[in-house]
Amino acid sequence: MTAQDQPLVAVVIPVGPGKETALDTLESVEVFCPEPHLVFVLDDQTKDGTYEAIKRSRRPHWEIFRNAKRHGIRRLVHTLCFAYEQVISRTECKLVLRLDQDALLIKPGILSDALAFMESNPAVGLFGVYGVDYNRSRNFAPHRRLFARETAWYRALLGMRPTWREYLPMAESKGYKRGENVFGGGYFITRECLVAVRNLGALQVPWRWHSIMQEDVYFSMVAVAGGFGLGHFAAPDGPLCMEWRGLPFPAHTLNASKFKLV
């Protein structure tokens, strides 16, 4: 393999039950990512045949891992910390694309677009749907309320102080506002940002972390704590156009659009 063929992007996909959605997402990556890339699949102890189906479909550039025990959505942070550590230690990739298993690429070029964005915005460590949703302002209020609940004085008395608490003042000193995040359905995070997060110790999350914080909020916070900014790489001008559930627009509208990841 020549230096020009070395993968610059690792695609990380945590997987729960639902082999059809997982296989569709993996196929969309292979169809619409002609650029050299690696794929890291993290199976969360699925019992419905998803893990076996992915193994049967495995490509040479895929790495498939299985959690030793089920993590569930509330410990997705732990699953992704493991995945990001693997990317850092096992590859030279400069960028990670993190995808939900029901996210879909619908056009080619997004990896090249993201690498160009990274080169043009070296201070940004994590980017995706950040500034606005495709049709409305983003609402960080529920996440702000979680910050307030989990940092309440009585939790410390009960021995339930969240382990992420030490990173919050670091992030706030660099401009982080509680609750803000880059949406977790699909985002990019740079290797330099991940290394900075690891150096903070933030990829070593204890199993009893006394929190139900969503992973996109956690990684947004620790990215800023590590000295990096958050960036918008989505609608109306960027290639991501994402809705929390379902498609943001009818399929024929998306097909005719400039958007590449839904």
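Which residues does tryptophan 164 touch, not counting residues up to four places away in sequence?

1. Tryptophan 164 touches Phe147, Glu150, Thr151, Trp209, Ser211, Met213, Tyr218 and Met221, where a contact means heavy atoms within 4.5 Å. A second, separate core of 35 residues includes Ala22, Leu105, Ile110 and Phe127. A nonpolar core here is a set of buried Ala, Val, Leu, Ile, Met, Phe, Trp, Tyr and Cys residues joined through side-chain atoms within 4.5 Å, with buried meaning under 20% relative accessible area (1.4 Å probe, protein chains only).

2. Before going on, a caveat: this is a predicted model, with local features needing pLDDT of at least 70 and side-chain atom pairs counted only at pLDDT 80 or more, while totals for chains, interfaces and linings use all residues. Residues are numbered from 1 along each chain as its sequence is written, and side-chain values use heavy atoms, leaving out hydrogens and water.

3. Now the largest nonpolar core, which has 46 residues. Val12, Tyr84, Trp164, Met213, Tyr218, Phe219 and Met221 touch the most other members. Elements that each supply at least two of its residues include strand S1 (9–15), helix H3 (76–90) and helix H9 (215–225).

4. On the overall fold, the protein chain has 10 helices and seven strands (DSSP runs: H or I, at least four residues, for helices; E, at least two, for strands). Buried residues make up 55% of the 262 residues.

5. As for contacts in the protein chain between residues at least 6 apart in sequence, 78% join residues at least 24 apart.

Technical notes. Buried < 20%, exposed > 50% of the residue type's maximum accessible area, 1.4 Å probe, protein only.
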